[in-house]
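These are my notes from one sitting with the model. I looked up a loop contact first, then the helix packing and the cores.

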Amino acid sequence: MAELKLDALFRDFESAKKSHPAAEPRDYVKFFFQGIMGMGHLLGDERQVLTSVDEEMRTMAAEPDDPLITPVGARYMRLNLRPARAAGFTAETVARLMCCSEASPFTRDDVIRACRVYTEDHFPLRIVFEVRDHADSLYIKGFLPCHSEAYRAAYAPAYRIISRAYEDM
């Protein structure tokens with residue numbers, strides 16, 4: 001059984017929190033979810049993944065100055081699509097990286113535990129309860145965390161989660 005290593009996830013979260021001050025508690029839960037669960041929840045067959053990535057990449061400007069990757073824990077990272085497009089990544093390449101990334105051995109319970117461990121030590125009680133409310137939504141079958149309106153407005157996120165095994169690409 002795989003061991004859930006939270007040190008890297010918490011370190012990467014600290015960095016993301018500093019660079020994304022508009023993030024709200026629901027964004028924190030999404031970060032932990034991605035860092036623990038990876039991208040498996042988004043994968044259908046490779047053709048569906050390709051169609052989704054292609055639709056998004058065709059409509060965005062290339063941004064060579066943005067970071068290509070953002071680590072989200074020991075197993076996964078965000079591949080930022082704007083700089084990926086600027087670097088010559090095709091939708092096919094991005095879809096393949098997603099589909100070839102290793103599946104997570106962890107569960108939603110692991111995400112909820114990580115959210116609680118981190119927030120109880122780092123946030124005021126009001127934020128702890130907000131994060132708990134959002135994290136507890138993971139018990140609802142089919143629920144997937146999403147970015148807050150404030151996060152979307154401030155950062156226009158466009159990325160895909162892939163394995164950190166591809167970090168040196």
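Entry 1: I looked up Glu63 and found it in contact (heavy atoms within 4.5 Å) with Arg82, Pro83 and Ala86, leaving aside its neighbours within four places in sequence. The C-alpha atoms of Glu63 and Pro83 are separated by 4.8 Å, and the two residues are 20 residues apart along the chain. Glu63 sits in the loop between helix H3 (46-58) and strand E1 (69-71). I took helices (H or I, at least four residues) and strands (E, at least two) as DSSP runs, numbered from the N terminus. Glu63 has 33% relative accessibility and is therefore listed as partly exposed; buried means under 20% relative accessible area, exposed over 50%, and partly exposed in between (1.4 Å probe, protein chains only).

**Entry 2: conditions.** This is a predicted model, in which local features need pLDDT of at least 70 and side-chain atom pairs count only at pLDDT 80 or more, while totals for chains, interfaces and linings use all residues. Residues are numbered from 1 along each chain as its sequence is written, and side-chain values use heavy atoms, with hydrogens and water left out.

**Entry 3: H2 against H6.** I looked up the packing of helix H2 (residues 25-37) on helix H6 (residues 108-122): the angle is about 130° and the axes are 9 Å apart. That makes H2 oblique to H6. Axes are lines fitted to C-alpha atoms, for helices over the stretch in contact, and angles run from 0 to 180 degrees between N-to-C directions. Angles under 35 degrees count as roughly parallel, over 145 as roughly antiparallel, 65 to 115 as roughly perpendicular and the rest as oblique. H2 passes H6 in a right-handed crossing, meaning that the near helix is turned clockwise from the far one by less than a right angle (anticlockwise is left-handed). On the H2 side I listed Val29, Phe32, Phe33, Ile36 and Met37; they meet H6 residues including Val111, Ala114, Cys115 and Tyr118. By class, this contact has nine nonpolar, no polar and two charged residues. Ala, Val, Leu, Ile, Met, Phe, Trp, Tyr, Cys and Pro count as nonpolar, Asp, Glu, Lys and Arg as charged, and the others, Gly among them, as polar.

**Entry 4: H2 against H7.** H2 and H7 pack at about 55°, with their axes 8 Å apart. That makes H2 oblique to H7, and the crossing is right-handed. H2 contributes Pro25, Arg26, Tyr28 and Val29, and H7 contributes Ile127, Glu130, Val131, His134 and Ala135.

**Entry 5: the cores.** Which residues touch the most other members of the largest nonpolar core? Of its 31 residues, they are Phe13, Tyr28, Phe32, Ile36, Val111, Cys115 and Phe123. A nonpolar core is a set of buried Ala, Val, Leu, Ile, Met, Phe, Trp, Tyr and Cys residues joined through side-chain atoms within 4.5 Å. Helix H1 (6-19), H2, H6, helix H7 (125-136) and strand E3 (159-163) each give two or more residues to this core. The largest share, seven residues, comes from H2. I then checked Phe32: it touches Leu9, Phe10, Phe13, Val111, Cys115 and Tyr118, not counting residues up to four places away in sequence. A second, separate core of 17 residues includes Met60, Leu79, Phe89 and Ile162.
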